[in-house]
Each structure stands twice: as C-alpha cells, then as structure tokens.
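Please consult the sequence and the three-dimensional structure shown below. The briefing after them is arranged by topic.

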Number of protein chains: 2
Amino acid sequence: MPMKFKVEEIKKIAKNLFLSAGASGQEAEIVAEEIVEASLMGLDSHGIMRISQYLEQVNEGLIKPDRAINIIFETSVSAIVDCDWNFGMVCARKMTDIVIEKANKSNIAVAVSRHCNHMGRLGSYTQRVAEAGLFGFAAVNSSRHGHFVAPFGGADGRLATNPLSYAVPTGGNPILLDTSTSMISEGKIRVLMHQGKELPDNCVLTYDGRPTNKPEEFYNPKKGTILPFGGEMGYKGFGLGLLVEVLGSTLSGIPVTPDGEKDEYINGFFIMAINPKIFGIENELIENMEILKEYVKSARPAKDSKGVFMPGELDFMTKAERLKNGIEVADETWKQIVNAAKLFNVAL
Amino acid sequence: MPMKFKVEEIKKIAKNLFLSAGASGQEAEIVAEEIVEASLMGLDSHGIMRISQYLEQVNEGLIKPDRAINIIFETSVSAIVDCDWNFGMVCARKMTDIVIEKANKSNIAVAVSRHCNHMGRLGSYTQRVAEAGLFGFAAVNSSRHGHFVAPFGGADGRLATNPLSYAVPTGGNPILLDTSTSMISEGKIRVLMHQGKELPDNCVLTYDGRPTNKPEEFYNPKKGTILPFGGEMGYKGFGLGLLVEVLGSTLSGIPVTPDGEKDEYINGFFIMAINPKIFGIENELIENMEILKEYVKSARPAKDSKGVFMPGELDFMTKAERLKNGIEVADETWKQIVNAAKLFNVAL
C-alpha cells in the first residue's frame, strides 16, 4: 500500500533532509520544490524517488552543497555558469533566472553549464521562462557514463536519452514540450525487467545489435543499446539527440570525455530565452497563442482517440489532480528515503 | 529515358529562365543556385522540378520578382524581414546573410519573415550559417493552405510538414539535419498514388480518422490527414511540429489565418545563428566537433546496417556523385519546364 503525502508535507520533509545534508536554506528550498513539482507533473522518475539518490550523492561527495555558483564568462546575451558540483537543480534554476534577466534587457540570451550535476525535469526551466512571458528552449545532455542510446545504424551507446524542451506563454498554462530523443529510458527497461514484462518493439538492441523484447538482454551478456526515437526513421531522432549533445557540451565548450578520464559534468545544460518584443508583439503573443491553441484543438478526434491535447496539457491535468489528492509514494521509495536520511542522522 | 545535365548547364538554363521571368541578375542566380543545390543534395522535391512551378507562380502574380526586400524592424540581435512576395529563396538567403552578419557582431541573431513565398531546401540556409563558422538553426512553417498534418490524436490538418534544421561546422562538411516533423509528405502520397503503390503503415489517416494504406483514401471522399512523426509516440513529432509553427509565425507576429481570409505568407521562415565565441571556444569548436564525429561514428554497425552516418553525410555523398556524373531530370519534369518557359516566350 503506497503512502500518500500532501504536497506541502512531502516538500517540508525533503527540504529538511537537504538542509541536514548541508544545503543552504535557499538551495534546500529549490531542490525540494523542483523534486515535488516533477512528481506533481507526473514525471515521477525525476521526482520524489530522487531524494534518496541526491542524499547519497552528497554523502559520496559527488554533490557539493553550498558551493558558490559563478558566471565564469558572459556577454550581454550569454553566460557560462560554473556550478562547481552543487545540486544540478540549483544551478539550472540560477541559469534560468540569468537568461530571463538578460533576455529582458538584451532580447535574447543563452546560458550553458560547467560541472553540473543532475538537473531534474528539463521542462521546469523552460516553463519558468514562459511564465516570465518569454519563449523558452532548453536541452540537456549527459556525460559518457549515461550514453545508452545508439546513433542510428549503430550498436554502441554514443548519446544519452538527451531531452529537449520548449515552452511558450498562453492565456492559461504554457505550451510545454519536454521530450527525450530516444525510444525508452534505461530506468524504464529496469522497471520492466523487475516486473517480468517484455519491452515494446523496436526500442532496444542487444550488444550484438539485434532488436530484442527481453529486458535482460539489454544487460547481459554485455550492455546493449537504446534506439533513437523514430523507428525506421530513427535518423531523425538521432539527429535531434545529436543536436542536444552539441548544445549541451560540444558547442558550449566541452568535448566528449576521452575514455577512462573523469567526466567534467553529469548533465550539460543549455537554456535560451527569446523576448517576443523583438518580433513586434510585446502584447499580442498570448492572444496569438490562444488563437493557435483553439485552432489546433478544434481538430476532430481520430478513431479511438480522446481528442487533441497541447504539449504539457495532460501533465498540468495530473498536477491539478495531485495538488488536490496528494502524491503517492511507493513503499520502496519511502524506505530508500528513510535509509538515506540516516546518513545525516535524521530519523523519519 | 531521363535526361542528364551537367550542373553548370542546368543552372544556366534555370538562371536564364528566371531572368526572362523578370528576376534581377542576382535573384536569378540565387534561385537557380538553390534549386540546383537541392537536386545535387538529393532533395529532388525541392530541386529542378520546382523551376516550372516558380515560373508559373510568377506568371500568376504570386511570386513578384525584383520587389525590394526590407528589414521592417530590427535590434542588434534580430530582424523582421518583409519579402514582399519576391522569390522565397531570395528572401531566405538575405535573412541568412543578416543573421550571420549580426551574430558576428552581437554573438546571437534571429530573423523572421513576412510575405514570404516557398523558400526551398531549409538545410541550405543552416548550412550557410555553419560554413560561416557559426551554429545555425532554422524552422519553416506553412500557411493554412498547407496544413495536411493532424495534431496527435486529431483527424483534421492543423500543421504543415514543418521541417526544422540545424548545422554545425566541422573539419569537413557540416553536421546538417534537415527533417520534417511528419511521417510523409503530401507530394510523396501523390507519387505513390500515381505509381499504384500502397502507403507505408501508420503515415496517413482517412477523413474519418482511420489509418489507411490506400493513397486515394487520403484524397477521397474528403481530404484525410498526415500523421505527425513518431507513430505511437507521435505526440513528440506533434510537439516539434508545433514548435516550428510557433517559430515560423505565431511567436514571430502572425496568428493563424482566419478561415476564408487570404494567407499572409506561403512559408514563415525563422533562422538563428549563434557565435561559438560566447562559449569561449572561438577556435576549438571544429576540433570538438571532430572528436564528437569520430566518437559517434566509431559505434559498431547494428545488424543489417551499413554503419553510422552523421546527419547530412549521405546527402553530401549524393552531391559528390551528382557533381561528377550530372543530374537526372525526368522527362515529365523537363516537359513541364519547356511548357513553363513558353509563358515568357523562351524556347528550350
């Protein structure tokens, strides 16, 4: 029987745990907020189940709370931000605030990261840009350690699941796409294996480069690969995954880590904000977006479909439901949190 | 038996035709170059077969050669460019030059279009940005007239095939992705119908919203829809198609045309250039990209695969082959060019 928490309740628990782990008040607040928001939006893989992981990573010295996050190089339209291994969410939030501020002054701005840990739900940051009235775009790659995804035609992992996201203000919730460029996540493969279930078709290759539906063949005898998004047209998903790789690290100044060397980052985060006033529509953007939304949603439903939902719409519906009814936390997840809390002498 | 032309030969024919149709010398040169380059790169649908179409559109007053293309609003990082219905390619080329110039001075730049005709191969313009040493990104939407693509879950066309493209400099040809966000193009459906062939699975819905493999069911009894890219995960392709719609017109200042009104554009073109020097790597970008290229291509080939090709790599191979051996032009295409030439009293 999973436990159920009210939002403020689980957020308070998370915040206190991160405080105990050495985060400043502001950092603990941000990480707790981002984690709970991910669970609210239905992205459980980036939500409450990450609390124990982050605590363990602080304990292992991988996350270094309370380290100063500094801009190491900037122009009026850009910033390179060194996170110095603080919480990735704290860094991503700061970078988001930087591009919003710069785009308000200079119309467009981008920021890229250095020494950044896992930064959670990518859509959180583009959403924040859209809520500031701007167009937001973001991408996040991962270091070589997370390269499970094969390039199209290949049988070795060369990219991570590399999500990209954009958000645009409307009269209601923003239009918010937050999508990986692969067919499935490694976490999902593990879940299906533990449940004794089969993989969906055309998502995973064995080490020998053969398609498989058996989750265990992804891990044994040697690690297989996840396919890029798109099936037979996977060259499109690969091309988009490569875009994320380029934005997250190559273009922003960090080449792929040579084999055997220590990675310079966990996540490479790229975020951009564009001020609609450069298109002469300081005030009309929301009106234009409402017209577009109405037009797109007016399409008749396809056979067996519940109709058209704008990117993010279902997630905001999940959020409304969970805000009202609370968030379920699996027993195993709670057990892991309780155990991780002990690392910092907190009894839950 | 298709005719075969040397590149310079067909380019000269095209240039002379556009001159006869009223284009300035520079305009005729650009349009001929863009068209022939599209055929060279293997994108025949945007190549030589467009010559007759553009000539006819000039004749009908839809394309207005020699009209001045003006920046109607600009900042140091942006420009709104009014094409005044000149050739779309002339406009897109000018916009590309504008973002390159601005990004060289101001580090980042975007340009959006007004009253723009069909601008051809999208990748041509990002490639040009990359060849100038910058990162290029572009998207192009179409007016309501071209809305064949259903939103995910829907059964009415609400988007065009909405391609997006990016290009990055390397030591050799740029990395160059140029990809639609739909499963198939309307042109391809027509070709398959004329050939008496079936459609691939999960590409097209009938007017009633049922999947079909029969090309004629896309047209009869009422127009069906093309599915967004991604099959069961078509919400991803829809989200990306909507991004292109937003960049091409909504964000850039033009709402969807109300039903029954004259469209304000054929293509809505968005292009962006980012100068790598804002990431502290004025000189290392090419080196970083070569490391990435080598790493990605070193993946072992999957079963039955010829190995890994970087985005654009196969197109540049097609170009090398056609530069050497010439470009084939189908009899029907040549007949259409000969007929269109007569509109301007040119005998071929």
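This is a predicted model: local features need pLDDT of at least 70, side-chain atom pairs count only at pLDDT 80 or more; totals for chains, interfaces and linings use all residues.

Residues are numbered from 1 along each chain as its sequence is written, chains are lettered from A and ligands numbered from 1 in the order in which they are written, and side-chain values use heavy atoms, leaving out hydrogens and water.

**Overall form of chain A**

- Chain A contains eleven helices and eleven strands, counted as DSSP runs (helices: H or I, at least four residues; strands: E, at least two) and numbered from the N terminus.
- The radius of gyration of chain A is 20 Å, which agrees with the value near 20 Å for a compact globule of 348 residues; this radius is taken over C-alpha atoms, and the globule rule is 2.2 Å times the number of residues to the power 0.38.
- Along the principal axes, the C-alpha atoms of chain A fill a box of roughly 60 × 50 × 45 Å.
- Of the 348 residues in chain A, 59% are buried (under 20% relative accessible area, with a 1.4 Å probe and protein chains only).
- Among contacts in chain A with a separation of 6 or more, 67% involve residues 24 or more positions apart (contact: heavy atoms within 4.5 Å).
- Chain A has an accessible surface of about 14000 Å², and carbon and sulfur atoms contribute 50% of that area (Shrake-Rupley method, 1.4 Å probe).

**Cysteines**

- Two disulfides are found over all chains (a disulfide being a pair of cysteine sulfur atoms within 2.5 Å).
- In chain A, Cys83(A) is bonded to Cys91(A) with an S to S distance of 1.9 Å, and both of these cysteines are buried.
- In chain B, the disulfide links Cys83(B) and Cys91(B), also at 1.9 Å; Cys83(B) is buried because its relative accessibility is 0%, and Cys91(B) is likewise buried at 0%.
- Cys116(A) is buried, at 0% relative accessibility; its sulfur lies 4.0 Å from the closest cysteine sulfur, in Cys83(A), and this is too far for a bond.
- Cys116(B) takes part in no disulfide, the nearest cysteine sulfur being that of Cys83(B), 4.0 Å away.

**Relation between the copies**

How values were computed
Buried means under 20% relative accessible area, exposed over 50%, partly exposed in between (1.4 Å probe, protein chains only).
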